[in-house]
Amino acid sequence: SALTSNMKVQAKLLSEHDKMLMDAEKEKMRANLLRAISHDLRTPLTSIIGSGAVYLENSSRLTDLEKTDLVSHILEDSNWLLNMVENLLSVTRINNETAKVNKSLEPVEEVLSEAVIRLRKRLPDLAVRVRVPDDVLMVPMDAVLIEQVLINLIENAIVHSQSTEPVECYVEDEDTKVAFHVRDYGIGIPPEKLVTIFDGSSYSWTASASADGRKGMGIGLSICKTIINAHGGSIGAVNQTVGAEFYFTLPKEEPNIGA
């Protein structure tokens, strides 16, 4: 009886400890997202307002080329904001209580293809090489969220790598999981940023990134980590001999809680 009571107490303590860890993780996620949002939303909005004001106040004195340039900047920043809104909306698909997502078996090839199609609507000149295993891979996931992760990683590789080479996106079938890779052949990531690149504080990939911050990636990579964690997977980044590689894994099966 004493042993049973002790086990119940220990189980309760473990449950409370797990809840505290989960709450702390959710609070950290909120703080990171708020910090990233305050940075990444302010700059493009300021740019749109500034470009619009210049156009309206100086319309009669601007050349057609200058007008086109201002409108192009407004369009670029508007698309950037749209992508960030899509990122933020994706977080609402994650259960607030359990920090988990609703999964269904999805074909990996179709999810990857849909991500490329969605990104190509914003970047018509997108150059990406896709490679998937010959066998059909069905993996439990929220397809919309994983597409968003792939879009973020591929777009970051294009924007920040400063490379003219196509981005490689490929999938590897491992024993108990499936690994997704996004590889570029650019300038790589500063080693000191590899540790914090997913925590929402890495607003630029390199020291040479534009000072206006329009290419900040705080929201995108922070949300990637949140989405993959909610799927029970892992995510990381490494430098290669040439360029950088981002990767994430998804388990092939749901964990057996009773095992």
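This is a predicted model: local features need pLDDT of at least 70, side-chain atom pairs count only at pLDDT 80 or more; totals for chains, interfaces and linings use all residues.

Student: Okay, and which strand is Glu168 found in?

Tutor: Glu168 belongs to strand β4, which covers residues 167–173.

Student: How far apart are the C-alpha atoms of Glu168 and Val182?

Tutor: Those two C-alpha atoms are separated by 5.7 Å, while the residues sit 14 apart along the chain.

Student: Let me zoom out. How many helices and strands does the protein chain have?

Tutor: There are six helices and seven strands in the protein chain. Going along the sequence, the pattern reads α-α-β-α-β-β-α-β-β-α-α-β-β.

Student: And what percentage of the 259 residues count as buried?

Tutor: For the protein chain, 40% of the 259 residues count as buried.

Student: New topic: helices. At what angle do the axes of α3 and α4 cross?

Tutor: The axes of helix α3 (residues 108–122) and helix α4 (residues 143–160) cross at roughly 55°, and they come within 9 Å. That angle makes α3 oblique to α4.

Student: Is that crossing left-handed or right-handed?

Tutor: The crossing of α3 and α4 is right-handed.

Student: Let's do salt bridges. How many does the structure hold?

Tutor: The structure holds five salt bridges. One of them joins the side chains of Glu147 and Arg118, at 3.0 Å from N to O. Glu147 is in helix α4 and Arg118 is in helix α3, so this pair ties together parts that lie 29 residues apart in sequence.

Student: What about Glu147, buried or exposed?

Tutor: Glu147 has a relative accessible area of 10%, so Glu147 is buried. Arg118 is partly exposed, because its relative accessibility is 21% and the buried class needs under 20%.

Student: Which residue does Arg122 form a salt bridge with?

Tutor: Arg122 pairs with Glu155, and their closest N and O atoms are 2.5 Å apart. This pair links distant parts of the chain, with Arg122 in helix α3 and Glu155 in helix α4, 33 residues apart. Arg122 and Glu155 are both buried.

Student: Which residue does Lys252 meet in a salt bridge?

Tutor: The side chain of Lys252 meets that of Asp173, at 2.5 Å from N to O. Lys252 lies in the segment after β7 (244–251) and Asp173 lies in strand β4, so the pair ties together parts 79 residues apart in sequence. Lys252 is partly exposed at 24% relative accessible area, and Asp173 is partly exposed at 39%.

Student: Switching to the surface: which residues make the nonpolar patch?

Tutor: Leu105, Val136 and Met138 make that nonpolar surface patch, which is about 320 Å². Met138 is found in strand β3, residues 138–141. With 41% relative accessibility, Met138 counts as partly exposed.

Student: Last one. Where does Gln162 lie?

Tutor: Gln162 is in the loop between α4 and β4. Its phi is near 55°, a positive value in a residue other than glycine.

Student: Why point that out?

Tutor: Because most residues other than glycine have a negative phi.

Notes
Residues are numbered from 1 along each chain as its sequence is written. Side-chain values use heavy atoms; hydrogens and water are left out. Patches are made of residues with over 30% relative accessible area and no salt bridge: like charges are joined within 9 Å, nonpolar side chains (Val, Leu, Ile, Met, Phe, Trp, Tyr) within 5 Å. Accessible areas come from the Shrake-Rupley method with a 1.4 Å probe; for residues, only the protein chains shown count as cover. A salt bridge is a side-chain nitrogen of Lys or Arg within 4 Å of a carboxyl oxygen of Asp or Glu. Helices (H or I, at least four residues) and strands (E, at least two) are DSSP runs, numbered from the N terminus. Buried means under 20% relative accessible area, exposed over 50%, partly exposed in between (1.4 Å probe, protein chains only). Axes are lines fitted to C-alpha atoms, for helices over the stretch in contact, and angles run from 0 to 180 degrees between N-to-C directions. Angles under 35 degrees count as roughly parallel, over 145 as roughly antiparallel, 65 to 115 as roughly perpendicular and the rest as oblique. A crossing is left-handed if the near helix is turned anticlockwise from the far one by less than a right angle, and right-handed if clockwise.
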